[in-house]
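Hello,

Here is the structure we talked about passing over. Please open it alongside this note.

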Amino acid sequence: MVANKFVVDLNKPLVCQVGHLGEDYDKWVHQPIMGKEGPRFFHSNILEVFTRTAWWVIPIIWIPIASCFIYSSFRLGLPVPHLPLFVLLGIFVWTLTEYLLHRFLFHVQTKSYWGNTMHYLLHGCHHKHPMDSLRLVFPPAGAALIAYMIWSSVKLVFPPSIAPAVFGGILLGYVMYDCTHYYLHHGQPKSDVPKNLKKYHLNHHYRVQSLGFGITSPLWDKVFGTVPPPSKVDAKRR
């Protein structure tokens, strides 16, 4: 594969190569490779381990942490009837956070060496190898950094007794997001709702990468006008 006179060797670790693509990186990274076996990222076996995460790691790590935050609100005096309301608020906040991160951070345009490299590690690798099951959910270390920034913001907005419940809801929303994302790539839905959601997301990967940023729901795509137009086949059916 050639871009900007630089040959990308898919048989060698990719992270040190993608930065050299320059302004052609965006085109290259959105030409997906359909194999289920992912590429090697680093020469170092230690670094390589941290790039791979099984989907079940996400609920195992984050559900207990979310539960601790929710329980913390109870200990700080938030009435029990109010707990589920603020947890649900947190889940709703996550749906917007999911959209904003996907649209403005995960799909930022880059062309510098370090910009391309960081984007590939963050999200570009998923678009290049969308069926790589071990690089589909977010590694816990990276998720923890983003979680810390979100928690810092939540503490500024909500009172001390409410903030942990809201943040716990955000974490539960994140777990639903990552597990849903994995299922949309590797699951075989039978009913209409998950079938349509899978079709919606795969459309983002293989047809219109610049639209359709919602994973768990197309809600915010509808709000902000980023719903992709129907394909020719869908348009004919209508």
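Which element gives the largest share of the nonpolar patch? Helix α10 does, with 3 residues. First, the ground rules. This is a predicted model, where local features need pLDDT of at least 70, side-chain atom pairs count only at pLDDT 80 or more, and totals for chains, interfaces and linings use all residues. Residues are numbered from 1 along each chain as its sequence is written, and side-chain values use heavy atoms, without hydrogens or water.

The surface patch
L89, F92, L219, V223 and F224 make up the nonpolar patch, with about 430 Å² of accessible area together (Shrake-Rupley method, 1.4 Å probe, only the protein chains shown count as cover). Patch residues have over 30% relative accessible area and no salt bridge (a Lys or Arg side-chain nitrogen within 4 Å of an Asp or Glu carboxyl oxygen), and nonpolar side chains are joined within 5 Å. Two elements give two or more residues each: α5 (83-105) and α10 (219-224). Helices are DSSP runs of H or I, at least four residues, numbered from the N terminus. L89 sits in α5.

The cores
A nonpolar core joins buried (under 20% relative accessible area) Ala, Val, Leu, Ile, Met, Phe, Trp, Tyr and Cys residues through side-chain atoms within 4.5 Å. The largest has 31 residues. W62, W94, I150, V154, F167 and Y174 have the most contacts inside it. Helices α4 (57-75), α5, α7 (140-157) and α8 (163-186) each give two or more residues. The most come from α8, with 10.

Best wishes

How values were computed:
Patches are made of residues with over 30% relative accessible area and no salt bridge: like charges are joined within 9 Å, nonpolar side chains (Val, Leu, Ile, Met, Phe, Trp, Tyr) within 5 Å. Buried means under 20% relative accessible area, exposed over 50%, partly exposed in between (1.4 Å probe, protein chains only).
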